[in-house]
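Here are some notes for a colleague who is looking through this model, arranged as numbered points. Please read them alongside the sequence and the structure.

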Amino acid sequence: MEIDKATREELTAAGLIIWRKGLRGAIFHELTERGWIRARKEFTSPPPERVSSAWLLHYATLRHLGSMLERHDQKIADVFAETDPGPAADGATPAPRMPLEDRIKQAYLDLAETPGDLVSLLSLRKRLPDVDRAELDRVLREMDRRRDLHLDPDPGRNELSPEALDAVIVVGGEDKHLLTIGRA
(Lines give C-alpha, C1' and ligand atoms only; values in the text may rest on other atoms or scores of the structure.)
Protein backbone atom coordinates (compact mmCIF):
# COMPACT_ATOMS: atom_id res chain seq x y z
CA MET A 1 0.00 0.00 0.00
CA GLU A 2 1.32 3.41 -0.93
CA ILE A 3 1.20 6.14 1.71
CA ASP A 4 1.42 9.80 0.72
CA LYS A 5 3.95 12.07 2.43
CA ALA A 6 1.39 13.92 4.62
CA THR A 7 -0.14 10.66 5.88
CA ARG A 8 3.32 9.21 6.54
CA GLU A 9 4.29 12.29 8.59
CA GLU A 10 1.01 12.10 10.55
CA LEU A 11 1.44 8.38 11.32
CA THR A 12 5.09 8.90 12.28
CA ALA A 13 4.20 11.81 14.59
CA ALA A 14 1.53 9.64 16.24
CA GLY A 15 4.18 6.96 16.86
CA LEU A 16 2.33 4.38 14.76
CA ILE A 17 4.99 3.79 12.09
CA ILE A 18 8.66 4.19 11.37
CA TRP A 19 9.99 4.41 7.85
CA ARG A 20 13.21 4.45 5.91
CA LYS A 21 14.33 4.97 2.36
CA GLY A 22 15.88 2.06 0.53
CA LEU A 23 17.53 1.58 -2.84
CA ARG A 24 16.21 3.66 -5.72
CA GLY A 25 14.18 5.79 -3.31
CA ALA A 26 11.91 2.93 -2.23
CA ILE A 27 10.21 3.71 1.07
CA PHE A 28 9.77 0.96 3.65
CA HIS A 29 7.16 1.32 6.41
CA GLU A 30 7.11 -0.62 9.65
CA LEU A 31 4.47 -0.57 12.35
CA THR A 32 5.60 0.29 15.87
CA GLU A 33 4.11 -1.50 18.86
CA ARG A 34 1.54 1.31 19.09
CA GLY A 35 0.86 0.81 15.38
CA TRP A 36 0.16 -2.91 15.85
CA ILE A 37 -2.21 -2.10 18.74
CA ARG A 38 -4.04 0.49 16.62
CA ALA A 39 -4.25 -1.95 13.70
CA ARG A 40 -5.78 -4.57 16.00
CA LYS A 41 -8.42 -2.05 17.15
CA GLU A 42 -9.29 -1.49 13.50
CA PHE A 43 -10.50 -5.10 13.34
CA THR A 44 -13.36 -4.28 15.70
CA SER A 45 -14.12 -0.74 14.50
CA PRO A 46 -17.48 -0.14 12.84
CA PRO A 47 -17.37 1.07 9.24
CA PRO A 48 -17.75 4.81 8.66
CA GLU A 49 -21.22 6.19 7.89
CA ARG A 50 -22.48 6.10 4.28
CA VAL A 51 -19.76 3.98 2.68
CA SER A 52 -20.02 1.72 -0.34
CA SER A 53 -20.75 -1.98 -0.12
CA ALA A 54 -17.06 -2.66 -0.86
CA TRP A 55 -16.10 -0.89 2.38
CA LEU A 56 -18.78 -2.76 4.31
CA LEU A 57 -17.32 -6.01 2.97
CA HIS A 58 -13.83 -4.82 3.94
CA TYR A 59 -14.89 -4.17 7.55
CA ALA A 60 -16.79 -7.48 7.70
CA THR A 61 -13.62 -9.24 6.53
CA LEU A 62 -11.57 -7.46 9.22
CA ARG A 63 -14.07 -8.51 11.91
CA HIS A 64 -13.96 -12.11 10.67
CA LEU A 65 -10.15 -12.12 10.58
CA GLY A 66 -10.07 -10.58 14.07
CA SER A 67 -12.34 -13.29 15.47
CA MET A 68 -10.20 -16.01 13.85
CA LEU A 69 -7.03 -14.52 15.34
CA GLU A 70 -8.73 -14.41 18.74
CA ARG A 71 -9.95 -18.01 18.50
CA HIS A 72 -6.51 -19.32 17.54
CA ASP A 73 -4.60 -17.08 19.98
CA GLN A 74 -2.71 -15.41 17.13
CA LYS A 75 -1.48 -11.85 16.63
CA ILE A 76 -1.78 -9.72 13.53
CA ALA A 77 2.00 -9.96 13.15
CA ASP A 78 1.68 -13.75 12.85
CA VAL A 79 -0.26 -13.14 9.63
CA PHE A 80 1.15 -9.91 8.20
CA ALA A 81 4.74 -9.59 9.43
CA GLU A 82 6.15 -12.74 7.81
CA THR A 83 8.88 -11.93 5.34
CA ASP A 84 7.67 -12.04 1.76
CA PRO A 85 9.86 -14.55 -0.11
CA GLY A 86 9.26 -12.61 -3.33
CA PRO A 87 8.76 -14.16 -6.72
CA ALA A 88 10.45 -17.44 -7.53
CA ALA A 89 13.47 -17.19 -9.83
CA ASP A 90 11.65 -19.08 -12.59
CA GLY A 91 8.58 -16.85 -12.31
CA ALA A 92 6.47 -19.61 -10.76
CA THR A 93 4.38 -18.93 -7.69
CA PRO A 94 6.48 -19.80 -4.61
CA ALA A 95 5.25 -22.72 -2.53
CA PRO A 96 3.56 -21.72 0.72
CA ARG A 97 5.81 -21.73 3.75
CA MET A 98 5.65 -24.80 5.95
CA PRO A 99 4.99 -24.25 9.65
CA LEU A 100 8.25 -23.95 11.59
CA GLU A 101 7.75 -27.28 13.40
CA ASP A 102 7.46 -29.03 10.03
CA ARG A 103 10.53 -27.22 8.74
CA ILE A 104 12.49 -28.36 11.82
CA LYS A 105 11.38 -31.96 11.27
CA GLN A 106 12.27 -31.77 7.57
CA ALA A 107 15.71 -30.30 8.32
CA TYR A 108 16.29 -33.07 10.86
CA LEU A 109 15.33 -35.73 8.28
CA ASP A 110 17.73 -34.14 5.78
CA LEU A 111 20.59 -34.15 8.31
CA ALA A 112 20.07 -37.49 10.10
CA GLU A 113 21.01 -40.74 8.42
CA THR A 114 18.32 -42.65 10.34
CA PRO A 115 15.56 -41.67 12.79
CA GLY A 116 16.94 -41.30 16.29
CA ASP A 117 20.36 -40.07 15.13
CA LEU A 118 21.81 -37.14 17.04
CA VAL A 119 22.04 -33.95 14.97
CA SER A 120 23.88 -30.83 16.11
CA LEU A 121 21.90 -27.67 16.69
CA LEU A 122 24.58 -25.88 14.69
CA SER A 123 23.69 -28.00 11.63
CA LEU A 124 19.99 -27.42 12.20
CA ARG A 125 20.45 -23.66 12.50
CA LYS A 126 22.47 -23.64 9.27
CA ARG A 127 19.55 -25.40 7.54
CA LEU A 128 17.13 -22.71 8.75
CA PRO A 129 19.08 -19.45 8.27
CA ASP A 130 15.95 -17.37 7.68
CA VAL A 131 14.40 -18.28 11.05
CA ASP A 132 14.84 -15.84 13.92
CA ARG A 133 16.97 -17.48 16.61
CA ALA A 134 14.59 -16.61 19.47
CA GLU A 135 11.64 -18.06 17.54
CA LEU A 136 13.56 -21.23 16.67
CA ASP A 137 14.62 -21.66 20.30
CA ARG A 138 11.03 -21.14 21.49
CA VAL A 139 9.68 -23.77 19.09
CA LEU A 140 12.47 -26.24 19.90
CA ARG A 141 11.79 -25.88 23.64
CA GLU A 142 8.07 -26.37 23.06
CA MET A 143 8.67 -29.47 20.90
CA ASP A 144 11.06 -30.84 23.54
CA ARG A 145 8.47 -30.19 26.26
CA ARG A 146 5.84 -32.10 24.22
CA ARG A 147 8.38 -34.86 23.51
CA ASP A 148 8.14 -34.29 19.74
CA LEU A 149 11.93 -34.19 19.81
CA HIS A 150 14.63 -34.54 22.43
CA LEU A 151 17.36 -32.00 23.14
CA ASP A 152 20.62 -33.35 24.60
CA PRO A 153 23.93 -31.98 25.83
CA ASP A 154 26.99 -33.04 23.86
CA PRO A 155 29.18 -35.38 25.94
CA GLY A 156 32.21 -33.90 24.15
CA ARG A 157 31.18 -30.29 24.81
CA ASN A 158 34.70 -29.38 25.96
CA GLU A 159 35.90 -30.07 22.42
CA LEU A 160 33.16 -28.17 20.56
CA SER A 161 34.01 -25.27 18.26
CA PRO A 162 33.06 -21.74 19.33
CA GLU A 163 30.42 -21.79 16.56
CA ALA A 164 28.87 -25.00 17.97
CA LEU A 165 28.94 -23.57 21.49
CA ASP A 166 27.17 -20.45 20.24
CA ALA A 167 24.42 -22.62 18.71
CA VAL A 168 23.35 -24.07 22.10
CA ILE A 169 19.91 -23.77 23.56
CA VAL A 170 19.55 -23.63 27.33
CA VAL A 171 16.80 -25.81 28.79
CA GLY A 172 16.40 -26.11 32.54
CA GLY A 173 19.73 -24.37 33.09
CA GLU A 174 21.59 -26.92 30.96
CA ASP A 175 23.24 -26.28 27.59
CA LYS A 176 21.83 -28.52 24.86
CA HIS A 177 23.87 -29.00 21.69
CA LEU A 178 22.12 -31.93 19.99
CA LEU A 179 18.64 -33.01 19.04
CA THR A 180 17.02 -36.25 18.04
CA ILE A 181 13.63 -37.14 16.65
CA GLY A 182 12.30 -40.68 16.83
CA ARG A 183 13.92 -43.78 18.21
CA ALA A 184 17.22 -45.21 17.08
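1. A residue counts as buried when its relative accessible area is under 20%, as exposed when that area is over 50%, and as partly exposed in between. By that cut-off Lys176, at 11% relative accessibility, is buried, whereas Glu174, with a relative accessible area of 34%, is partly exposed; the side chains of Glu174 and Lys176 meet in a salt bridge with an N to O distance of 3.3 Å. The model under discussion is a predicted one.

2. The salt bridges come to 13 in count. One of them brings together the side chains of Asp110 and Arg127, at 3.4 Å from N to O; because Asp110 belongs to helix α5 and Arg127 to helix α6 (residues 121-127), this pair ties together parts that are 17 residues apart in sequence. Asp110 is partly exposed at 43% relative accessible area, and Arg127 is likewise partly exposed, at 41%.

3. Another salt bridge joins the side chains of Arg146 and Asp148, at 2.5 Å from N to O, with Arg146 partly exposed at 33% relative accessibility and Asp148 partly exposed at 29%. Both residues also belong to a network of salt bridges that links Glu101, Glu142, Arg145, Arg146 and Asp148.

4. Helix α5 and helix α7 (residues 133-145) pack with their axes 10 Å apart and at an angle of about 80°, and the two helices are therefore roughly perpendicular to each other. On the α5 side the contact involves Leu100, Glu101, Ile104 and Lys105, which meet Glu135, Leu136, Val139, Leu140 and Met143 in α7. The residues of this contact divide into six nonpolar, no polar and three charged.

5. Arg103 is also found in helix α5, which spans residues 100-111, and this arginine is buried, with a relative accessible area of 15%. Apart from neighbours within four places in sequence, Arg103 is in contact with Arg97, Met98, Leu128, Asp130 and Val131.

6. Turning to the strands, β1 (residues 17-21) and β2 (residues 27-31) run antiparallel and are joined by five bridges, with Ile17 standing opposite Leu31 in β2. Their hairpin has five residues between the strands, and Arg24 takes a positive phi near 55° there.

7. A three-stranded open sheet has the order β3-β7-β4, with antiparallel pairing; its edge strands, β3 (119-120) and β4 (150-152), each pair on one side only. Three bridges pair β4 with β7 (residues 178-180) in the antiparallel sense, and His150 stands opposite Thr180 in β7.

Notes:
Residues numbered from 1 in each chain as written. Predicted model: local features only at pLDDT ≥ 70, side-chain atom pairs only at ≥ 80, totals over all residues. Heavy atoms only, no water. Pairing = 2+ DSSP bridges. Helix = DSSP H or I, 4+ residues; strand = E, 2+ residues; numbered from the N terminus. Buried < 20%, exposed > 50% of the residue type's maximum accessible area, 1.4 Å probe, protein only. Contact = heavy atoms within 4.5 Å. Axes fitted to C-alpha atoms, helices over the stretch in contact; angles between N-to-C directions. Parallel < 35°, antiparallel > 145°, perpendicular 65-115°, else oblique. Nonpolar A, V, L, I, M, F, W, Y, C, P; charged D, E, K, R; others polar. Salt bridge = Lys/Arg side-chain N within 4 Å of Asp/Glu carboxyl O.
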